Amino acid sequence: MKKTYDIYQIDCANCALKIEKSLGEAEGVKAARVDFAKSKVYIESDEHIDIEVINQIAKKIESDVYIKEEHEAETEPSNRIDIKYVFWTIGIALLASVYIINHFVFLERNIFLLLNLLSYGLISYRIVYRAIKNLIKGQIFDEHILMTIATLGALILGEYIEAIAVMMFYQIGESFQDFAVNRSRKNIKALLDLKPPVAHKVVDKDFIDIHPERAEISDLLVVKAGEIIPTDSVLIEGESHFDFSSMTGESLPVESKKGMTLPAGVINLSKPIYVKVIKKFKDSSLQKMIDFVESNSMKKAKAEKFMSKFARYYTPTVVGAAMILAFIVPIYYMMIEGGTYASSLNIFIERALIFLVISCPCALVLSIPLSFYAGIGLSSKHGILVKSGSDLESIEQIEHFVFDKTGTLTKGEFSVVNVEGDSRVLEIAAHLESFSTHPIALSILRAYDKDINQQEVTDVEEVFGQGIRGEYKEQEVSVGNEKMLLSLGISHDYKSKDQLTIYVVLNKEVIGYIELEDVLKEGTQSLIKVLKDSGKEVSLVTGDQEKVSKKIAGQLGIDHVYAEVTPQDKAIIVQNLKAYQKTAFIGDGVNDAMVLMTADLGISMGSLGSDVAIEASDAVIMNDDPRLLLDAIEVSKATKRNVIENIWLALGIKSIVLILGALGFANMWLAIFADVGVSLIAVLNAMRLLRYKIKSLD
């Protein structure tokens, strides 16, 4: 079973990594993920794990952290005064007073030392307290321990003001970092979390305010101008315009039509309207969209995995280097420069302490997940839902794009262009197809445009990939493609053109056929051209007739065509292709669950109505426009650039300052910048993605 929790008071990316590791090693847990960017914990286990057990594990790493069931209300008062700021104020005031008094009246040495230590205690008590707790737990390479060792070392060396100031500015820097992280969390979540705060339920010509999750099917709701549609509904009364951008990425307002379906999350722009609920909120399109983005957060991108693994070895390595710098290097320095070991020791212990401050891995761990989360938020803003950072990362790496035809590259709205044979061909076909919801069936019914008497049809059986058969007016009838004729062992002399052809069989004899045409979606030719021009392979895989499929492929410039294949065949074809190239399959998501799961990346077109598609897909293009695939590729590339920038920022600056610290050119102030300063820069750089402008396709 998979379960999601909210985690509070997690202000350290490296601590999140440690909690994730400990949870993953807990009994009964198959996999665990702590998402620092989202403040979420994802646990996959064989059976239910008590929340108290989860909290105990987390608190062993970080005592202030606590975990609750997802969506459980936060109960802590928001207006409470943080005691650390009170102690900071007293500590800073005391420190300033000491040095002002000492400037005019020379204080006795022990009193001066005692007041400095008191100031240090007031300002840094939280960090020292955490360091002691973590040291007892055996967490030697904790950032609080590193800061405590570094500043206590400075106190021993007589650098009182430097030790106190380093603790103070370290915490100030952390506060700025926390502010930036929380700001980025809110900005990113705003792109995904569109849950309406209230629904106005009509009761006896009046209305009452209820939570959207309490709205029941068939409830009548009032939606005022500027409000969000609370849950999937149908328009009953009123005229307005709607903003579908949160659901489809389409920025143009949509004019209202009585009876139109309005998904949750759509904004009513103009006037009050009345809507009837057709789905509970938990089953709504908006909830599916939110669940989709969070449903596969166990999957880490390669860059995240690399940095997580790197951070585990980085801190012990740097601490080891600091020990060598403090106690081994002085021996060689003494041999070269002369002097005593003690004098050399003082020089290099100070450098080692600076080394320890720099070594905190938070910036490294923080630098990547925020970029991926921002990229996922940006893509959702443009109507592309991506499940995880791993999937977003892989979009731009795809070498071979395999498209389904109907509903993906074409509109799936067939029109009958020709009927040949017996005068009853359209009548018989329409009566059988009235039992099907396939786009071809709906097209034949539109063309017939007469009343259907379903009581005249019996023993109906829909044969997947072939057609439909049964009895009409007590005569054996089949309506389908060439595959159905072959399965029945029936031959014919009819010669159709390059259109999609549906044959009508009466008493095992072909009495005629119906020709239909599907229309290409706008911009599909440009899409295929851009993909091919960028060096990508493109293939068409469809269950439709070969001649029709080749005609469509010719219009689009697609060279590789696999026609008249079953869903199982599609999966085999994609399986073979991905053995040589990283392959994505793009389909309508209704009958393609198997192949969507087989591909390296499965992308559904406008499939929020299909639970199977959501489960099987790695990404969903919500407005049925395949051109958004290019936007997805661009967001993937932009996210990758941002990730690389953050990696170089974190590793580059830390490496430079570590070298400067070892050589004696970096002081504690620069060390603090290399820690919290770099973290802050990484957060701000990730936030830039939210303002990234996607170039539109000409």
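User: Which ones are buried?
Analyst: They are V425, L426, I428, A429, A430, H431, L432 and E433.

User: Before we go on, what sort of model is this?
Analyst: This is a predicted model, in which local features need pLDDT of at least 70 and side-chain atom pairs count only at pLDDT 80 or more, while totals for chains, interfaces and linings use all residues. Residues are numbered from 1 along each chain as its sequence is written, and side-chain values use heavy atoms, with hydrogens and water left out.

User: And the overall picture? How many helices and strands are there?
Analyst: The chain has 24 helices and 26 strands. It contains 698 residues, of which 52% are buried. Among contacts (heavy atoms within 4.5 Å) with a separation of 6 or more, 66% join residues 24 or more positions apart.

User: Which residues sit at the centre of things, touching the most other members of the largest nonpolar core?
Analyst: That core has 44 residues, and M147, V357, I358, M668 and I672 touch the most other members. A nonpolar core is a set of buried Ala, Val, Leu, Ile, Met, Phe, Trp, Tyr and Cys residues joined through side-chain atoms within 4.5 Å. In soluble globular proteins, nonpolar side chains tend to be buried together.

User: Which helices supply it?
Analyst: At least two residues each come from α3 (83-104), α4 (109-136), α5 (143-156), α6 (160-192), α9 (302-327), α11 (341-358), α23 (628-663) and α24 (668-687). The largest share, 8 residues, is that of α11. Apart from this core lies another, of 39 residues, including L409, L520, A553 and I621.

User: You named V357. What does it touch?
Analyst: Leaving aside residues up to four places away in sequence, V357 touches M147, A150, M668, A671, I672 and D675.

User: How do α11 and α24 pack, then?
Analyst: Their angle is about 20 degrees and their axes are 8 Å apart. Axes are lines fitted to C-alpha atoms, for helices over the stretch in contact, and angles run from 0 to 180 degrees between N-to-C directions. That angle makes α11 roughly parallel to α24. Angles under 35 degrees count as roughly parallel, over 145 as roughly antiparallel, 65 to 115 as roughly perpendicular and the rest as oblique.

User: Which residues make the contact?
Analyst: On α11 they are L353, I354, V357 and I358, and on α24 they are M668, A671, I672, A674 and D675. By class, this contact has 8 nonpolar, no polar and 1 charged residues. In this scheme Ala, Val, Leu, Ile, Met, Phe, Trp, Tyr, Cys and Pro are nonpolar, Asp, Glu, Lys and Arg are charged, and the others, Gly among them, are polar.

User: What about α5 and α11: at what angle do they pack?
Analyst: The angle is about 155 degrees, with the axes 8 Å apart. This makes α5 roughly antiparallel to α11. L146, M147, I149, A150, G153 and A154 of α5 meet L353, L356 and V357 of α11. These residues divide into 8 nonpolar, 1 polar and no charged.

User: Last one: is D451 buried or exposed?
Analyst: D451 is exposed, at 74% relative accessible area. D451 belongs to the loop between α16 (439-448) and β17 (457-463). By contrast, L630 lies in helix α23 and is buried, at 14%. L630 and L531 are 99 residues apart in sequence and 8.2 Å apart in space, C-alpha to C-alpha.

Conventions. Buried < 20%, exposed > 50% of the residue type's maximum accessible area, 1.4 Å probe, protein only. Helix = DSSP H or I, 4+ residues; strand = E, 2+ residues; numbered from the N terminus.
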